[in-house]
Amino acid sequence: MVTTKASLMSQTQPTTMMDESIPTTQTTEVVHTPVATPSASDKAARLNAPTIIDINNVDFYYGQSKALHGINFPIKEKLVTAFIGPSGCGKSTLLRCLNRMNDLVDGTRIGAGSIKISGVDIYDPSVDVIELRKRVGMVFQKSNPFPKSIYENIVYGLRLQGINNKGRLDETVERSLRGAALWEEVRDRLHTSALGLSGGQQQRLCIARAIAVEPEIILMDEPCSALDPIATVKVEELIHQLKQDYTIVIVTHNMQQAGRCSDITAFFYMGRLIEIDATEKIFTNPTQKQTEDYISGRFG
Amino acid sequence: MAEPTQIRRVDQRPLKEAISTRGRSVIPGLTKDDVIKYFFGANAWISIVVLGLIMLSLYGQSIGLNPVDGFFGQNYRNLLIYRQAGLEFVDIIKKETSDLDQLSSYLSAARLEELKHLLAEGKKQGKTEDEAMVEANAALAAYDDYASKLGSQGNGLDGIVSNLGETVTATRDAIKNVEDRKAEKQLYLRSGKKDLADKVTYQEVDLVAATQPLKDALPLIHDANAKFSAGLVNFISQSPPVLDDAMKNHLAGFEGRVRALVVAIPAYQNQLETWDFNKPLPWYAGIIDFFFNTNWLTASQWQNYYGILPLLVGSTLISMVALAIAVPLGVGAGIYINQIATPWEQNIVKPAIEFISAIPSVVLGFFGVAVLGEFLRQLSRWGVLPPFSERLNIMTAGILLAFMAVPTIFTLTEDAINNVPRAFKEASYALGANRLQTIWRIILPASLSGVISAVLLGFGRVIGETMVVLLCAGNSISIPPLSKGLMILFQPVHTMTGIIAQELGEAENGSIEWRALFMVGLLLFIISLVINFLAQRVVHRFKISIG
């Protein structure tokens, strides 16, 4: 049963998964998308935004088992792209391919295809992985501040680069914490342990830590799954602000969240991309039946 | 209405009855649960009881439940007899002659250096080794003549020492004899055999009379000291012809030392004159002596000493060497295996390191004696290491103990690093850290307390090890001279564990030697206890910090 379904999907992939209007070539036009009310022209502008990450027919393996099957789509600059799909569909795996975090897992490999960021194949042997990860920051599912002070957590990335100038570090700490909407809450206790913060604060601290190194892309792997509703709202508001300056890719299990804070949504199932389109299109009028079933809660 | 489903319970009793009866009692008053609880509880508490018993027996055998009969009390009497019999008096004179011996060895050391120098000179002039040797010895003939006369300066004192030595040892034996008799009598009285006790007779030693020969010898000693002093002054006035600058320096140094001794002689004389066999010993003399005496000497004809220092120093130095080697190896291997190694390497290296701890320590001892000691000496022959005389020394034992401590340190370090959440590592990499930065800035700090406790437990393993040190440490009971610098690590020593294993079999139950060995054991036990306590405290902190 499952295999038939999968083969069906792969046949339909090239034509239906992508809206015809999304060009894969880059344009110089930068689009700042207002968050509030999506309109038809806004949607077109979004889909026409320049591509920053180009995923080309990627196959990915954990040892012998194939986790991603011919994934092929672009990620647009300064937009929020959400990956949705049931557990085990490969969305987190794909996300972790984008800054090569999967290198840390033994026995993983890209079997075919390429991922290009700004035109550079990031799996090329000549790529500086360290530099790549500085430019493609990541926020994890479970908040993971280091067992250090709040201050030291934020400046960790800078210290790695040999920056120890106090003025510069102080400035970065304030800017990053303000950027993560955490400054007012922690300004008086920057030098206390980060582990003393609440779960939501810890996650925002991790976001602050990620933006302290001034990346261009931020990957978020289910950033709110361990947070209460209020903390979740704060992080979502933060995502809205951040997309002014950063390209954000967010993996989420929460469909309302994808609907609220993403511009483009990609739906994955069983290691395949089923559909990608402007978020409101996916949620109101998906092309694929599986997408519709998932979104309406019929499986997943 | 549907038929109610037939439910077939194992226990057919109605609900009310079933829940209102507690488990049937196996032993009157105890349910099955209680019996199980007490059985396992007892097992757990047995270890506590055994620990307490060990501590109690160690304490009883060493310090003693009655401290007067215990080690410190016996050592006090040991020291008291040393004074009362006049051994202390004779030792003052002996100190003078041993000062003279040191001067002699200074002269011979200077000669050796001079000889080497002359040989090198001769070689430069193109002479064969034999020719150079003959010439150098000829050049040093006057010096040898000079040096050989030094020893005879102390002849007068030596004679007095040997005469008085016999007297004081006889007094000592008499006092000890009386003590033994007293003890015997006490024993009989305590067990109610009054008739037997009455048969034990003794006569108290008259200490005044016994030490009178010492007082009588004072004028003689005074004359001998005067002669000694004059002889030394005369001796340095006849110094041999100076061959070169080095020799000039040596002779000048020698003269300085001789003059210092000459100045000190009146002080010695004064000590002898004011010496009093009746001068009381402070009550803590036995304790101070144990902790600060630099001699551990048993079965001596003259005087036995029970000073922990040489053994403590030996154990400590060996442990330091072992840790200095084992900590980098163990911690490094732990980091490598956990963070860097491929699964293939992990599967090979981990069991191999852990297997080391299965090697019996006596086998490692064989290896140390037969291979490692020889190898170290070979290294020194090849010039890799400076020369040293003993094949079995601190380094030999330390290296072997390091080998034994590596598995402990490795395993615990690896565990500690394994406990560092993977999320820390990922977060660090995601911020653009490389492997070294991640290990150094995140993983090591996060696992630091675990690593420290690993090191402490490794230390505990090392300081308690017996067989290897007994076989490989050289077993020389002395504090290695600090003047050797780093070569101190190639000196033979004895250890706390080694001395117990070596001497306990021959010590008479309850004797001072027996109790002294138990004192060493008690100290060892306390050290291990403190280390383990610290390790546990550190681990506790670690758990909190990870949250």
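Guide: Start with a term: a helix here is a DSSP run, H or I, of at least four residues, and helices are numbered from the N terminus. One caution: this is a predicted model.

Leu119(B) sits in helix H4 of chain B, which covers residues 87-124. Count its surroundings. There are 17 other C-beta atoms within 10 Å of Leu119(B). Buried needs 20 or more, and exposed means 12 or fewer. So Leu119(B) is partly exposed.

Now look at its contacts. Setting aside residues up to four places away in sequence, Leu119(B) touches Ala132(B), Met133(B) and Ala136(B). Glu129(B) lies 10 residues away along the chain, and its C-alpha atom is 7.6 Å from that of Leu119(B).

Stay with chain B, but move to where it meets chain A. The contact uses 18 residues of chain B and 20 residues of chain A. H16(B) gives the most, with six residues. Sorted by class, the chain B side has 12 nonpolar, five polar and one charged residues.

Cross over to chain A. Two helices are worth a look. H5(A) spans residues 150-160 and H6(A) spans residues 166-179. They pack at an angle of about 110°, and their axes are 9 Å apart. An angle of 65 to 115 degrees counts as roughly perpendicular, so that is how H5(A) stands to H6(A). Their crossing is right-handed. H5(A) brings Tyr151(A), Ile154(A), Val155(A) and Leu158(A) to the contact. H6(A) brings Leu169(A), Thr172(A), Val173(A), Ser176(A) and Leu177(A). By class, the contact has seven nonpolar, two polar and no charged residues.

Last stop: strands. Chain A has an open sheet of four strands, in the order E2-E1-E4-E5, with antiparallel pairing. E2(A), residues 65-76, and E5(A), residues 120-121, are at the edges. Each has a single partner strand, so one side of each has no neighbour in the sheet. Follow E5(A) to its partner. E4(A), residues 108-117, runs antiparallel to E5(A), and two bridges join them. In one pairing, Ile117(A) has Val120(A) of E5(A) as its bridge partner.

Key: Residues numbered from 1 in each chain as written. Chains lettered and ligands numbered in written order. Predicted model: local features only at pLDDT ≥ 70, side-chain atom pairs only at ≥ 80, totals over all residues. Pairing = 2+ DSSP bridges. Contact = placed C-beta atoms within 7 Å. Nonpolar A, V, L, I, M, F, W, Y, C, P; charged D, E, K, R; others polar. Axes fitted to C-alpha atoms, helices over the stretch in contact; angles between N-to-C directions. Parallel < 35°, antiparallel > 145°, perpendicular 65-115°, else oblique. Left-handed = near helix turned anticlockwise from the far one by under 90°.
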